[in-house]
Amino acid sequence: MSVEVTKFLKKLAIFVLPFVLYSAVIGFIDPFNYFDSGSPVRDELKQDISFKLNYAMWKMLEFRQTPHPDLLLGDSRMMDMDAQAISSLTGDDFYNFAYGGGSLKEAIATIRFADDQTTLNSLTIGLDLNSYNGSDVKDRVSEVLGALDNPFLYITNNTVMIAAWKLMKSAVSGQPERIGQPVGDRDAFWRTQLDVTARVYFANYRDPVLYRAQLTEIAELCQEKGIRLSFIIFPSHKDLMDRIQSYDLEEANRMMRQDLAVMGTVYDFAWDNASTRNRDNFKDPYHFTPEVMASIIGSVWGNQPRFVRIYGSGSAHPEPVLSDLESGGPR
Amino acid sequence: MFFNSLHYALFLPLVVGLYFLIPARRRWMFLLAASYYFYMCWKMEYIVLIVISTLVDYYAGLAMGRTEEKAKRKKFLVLSLISNLGILFAFKYFNFFNESARATFAYFDLTYNIPYFDVLLPVGISFYTFQTLSYTIEVYRGKQKPETHLGIFALYVSFFPQLVAGPIERSTNLLPQFYKETSFTYRNTADGLKLIVWGLFKKVVIADRIGVMVATIFNNPHQYSGVEYILGASLFAYQVYCDFSGYSDIAIGTAQIFGIKLMTNFRRPFHAISLAELWQRWHISLSTWFRDYLYIPLGGSRKGVVRTYFNVFMIFFVSGLWHGAAWTYVLWGSVHGVFMALELMTAKSRQRFFGGLRMGPDNIVYRALGLFYTMTIFNFALLIFRALTVQDAFYMVRHLFDGVGTFLGSVLTGDMLVVRGLLRGLGLSQKELTIAILAILVLEGAQLLQRRGSLRAQLGTKPVFMRWAVYYSLVAAIVFFGAFNMSQQFIYFQF
């Protein structure tokens, strides 16, 4: 071997050494149990840290190992739903596939992923006008999908790197890392959600042309494969619903319900009633309390409807029937 | 096989390793086989088109070399032109003209029966066709001796680093280099790899990332308004620059490892203060091709003022068509042609005006105005270039300023929520956007340093820890911040 080649290979080896070591550390800690090769880090610690850093990666890897036929999809509100409680109520095998801050784009990609993994029985998608909105195009799922088939993308994923670092820190210090800050002043946060978050969503509302088409495709898939498709429009506080009016989005709000009713069964909790007027039922204008969550579970899966309008039922009824569903009575 | 793929990451070291193990006189064979394999990874059968071009131009070159008679030489040149441009027309332009004719006939309620030619566009066809044409033209002009070695000539046509997206090499530069006996050198390999890393940084950290926002806007223009169109066109300028110059860097770096020097294709085009200057810095190998083989034969600036304007316009009109078989590209080229002609027309009066103000190209205000003008026209033309259809392009141009006043009013009154809302709807998270902005700042910083000369040379004078820190940062940026999940094929492959 010539001197030039030897010189090059030596320098190359030195250069790549840190990257090799880094890969070895990630492989050893395996923050998301990607390699499933007996990492020394406890699963509970990973659940505390890795899960919160990348819900999609955690859940998709978990689902790949243990698929379930009944899925809950959506954002933080759906993520709060207790899948075990629903499973014991219905006798079905539910998996909570919702992500904090999740978008409809992510939910749709997740459905396609899940459909590739197993035979599905039911899909329940939680959404509202924030997510059924052409400008809500957040997508954390496609990078996870890429990583699922490519260990290089897993090893070099930012959240994997951060999770590994936090897991090491926790292991050394014995103190679990805190992920996510608790909300401080409730009133201030309430105002922020109305004045900032709602504005960012509603002031930039766009007709969800693509979502409408993609959900229609999913509805057709469900009909073809006999999968039950339901939508939950979660309750939000009246203050937030009033913003829909002030941003002149009532027609869009009505259209959303009409679109969904054609595709599947809609459980609509977002309307003016005693529950949505009561501030004590909400942590902030978007997020309801555990008591309301229990009531929603009872309404949707327990045959005990409260403060809900149920309509639609999918492709069997091409015309949505909105008017005769005000009663909230059992279907 | 893309330069930013695992396939290429395995292919390149294997080819380099074997290349230097093979005896020098046999290396051309191996490099030719590797180049054909590289091309066949896209669509195997299209290698036939490269072989046809190679054979026709090889024999046309030899035939021209055998005679001094101009008329006979011209016959062989025409043969080369017809066969190369014929292939290009059949595979790239036939459907475009056919569909345009069909639409015109339909408009007048006339019957039109010529069917659609169901064929995929061969990757890089415009690049290798122009490269091989430059050879026959140079042989015809007597500036290039006919190449007698068929294998070496085939390698000139198909050399894999620059086969599918340039730089469009001249035979006078590339052919002699295949005869030079090179050996593996640390310097060539290290320098080549540095250029490859820089090209990859531009491609996977910047271009692919901002490409998501660009696609979001241009795929659904009716959902957006003027602010997004302006932002989209500006981002597309960076996307296409980082994508294409990134490709060129990787091509040049790869060739350098084999000891072959390819021509520079980009020289900080966004620092140009006129369109004319920008086109001396952007896709240089194509600009000079058009200058040498179209502008000058048309008469250049030697046939009067009006003819000069016409010639300038023609160059850009044809350049638009070269880029793609769509009216958006033709319009894009025409916009450039018109503004280039206008620049020429107003050159003297502008000189007088700025001279009266005692402002020259070194003046900061003059430069700022020039930069603003150049980028405004360039980005405006790119809006048309990137539009999916001519209808979309016209729609966006008509609504270019919709909402801009309100947006600026909100921003000027400190209401940054409108910016947040705007960016949120474009498909990138805050983290991704921050990475894109930081990477563009790194790029601009590097380009400012390039004004003092080659970055590699400047870096070479720094202490080793500083050099390695830069190399590590770049590689780490590619590895950890490369938008591999958003990866797109190189934009210029389709041309």
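How many residues does helix 16 of chain B have, and how far does helix 16 reach from its first C-alpha to its last? That comes up in the fourth view; first, some ground rules. This is a predicted model, in which local features need pLDDT of at least 70 and side-chain atom pairs count only at pLDDT 80 or more, while totals for chains, interfaces and linings use all residues. Residues are numbered from 1 along each chain as its sequence is written, with chains lettered from A and ligands numbered from 1 in the order in which they are written.

**View 1. Chain A as a whole.** Chain A comes to 15 helices and 6 strands (DSSP runs numbered from the N terminus: H or I of at least four residues for helices, E of at least two for strands). Its C-alpha atoms fill a box of roughly 85 × 50 × 40 Å along the principal axes. Of the 331 residues of chain A, 42% are buried (20 or more other C-beta atoms within 10 Å of the residue's own, with C-beta atoms placed from the backbone).

**View 2. The sheet of chain A.** Here's an open sheet of 6 strands in the order 2-1-3-4-5-6, with mixed pairing (a pair needs at least two DSSP bridges). Strand 2 (94-96) and strand 6 (309-312) of chain A sit at the edges with a single partner strand each, so one side of each has no neighbour in the sheet. From one strand to the next, the twist averages 20 degrees. Strand 3 (122-127) and strand 4 (228-233) of chain A run parallel over 6 bridges, and L127(A) stands opposite I233(A). Helix 13 (250-263) of chain A lies across strand 4, strand 5 (265-268) and strand 6, at about 140 degrees to strand 5 (axes are lines fitted to C-alpha atoms, for helices over the stretch in contact, and angles run from 0 to 180 degrees between N-to-C directions).

**View 3. Strand 1 of chain A, covered on both faces.** Zoom in on residues 70-73: D70(A) and L72(A) on one side, and L71(A) and L73(A) on the other, are all buried. Strand 1 pairs in the parallel sense with strand 2 of chain A over 3 bridges, where L71(A) has Y95(A) as its bridge partner. Strand 1 also pairs in the parallel sense with strand 3 of chain A, over 4 bridges, and there L73(A) is partnered by I125(A).

**View 4. Helix 16 of chain B.** Back to the opening question: helix 16 (364-386) has 23 residues and reaches 32 Å, close to the 33 Å expected at 1.5 Å a residue (1.5 Å times one less than the number of residues). Its buried residues include G370(B), T374(B), I377(B) and F378(B). The buried residues of helix 16 pack against helix 9 (186-219), helix 10 (226-257), helix 11 (275-281), helix 14 (327-345) and helix 17 (390-398) of chain B.

**View 5. Where chain B meets chain A.** The contact takes 18 residues from chain B and 24 residues from chain A (residues are in contact if their C-beta atoms, placed from the backbone, lie within 7 Å). On the chain B side, helix 9, helix 19 (417-424) and helix 22 (464-481) give two or more residues, and helix 19 has the largest share, with 5 residues.

**View 6. Two domains of chain B.** Domain 1 (6-183) and domain 2 (189-273 + 361-494), with bounds from an automatic or database domain assignment, have C-alpha centres 30 Å apart. In this view, 16 residues of domain 1 are in contact with 17 residues of domain 2.

Terms used:
A residue is buried if 20 or more other C-beta atoms lie within 10 Å of its own, exposed if 12 or fewer, and partly exposed in between; C-beta atoms are placed from the backbone. Two residues are in contact if their C-beta atoms, placed from the backbone, lie within 7 Å.
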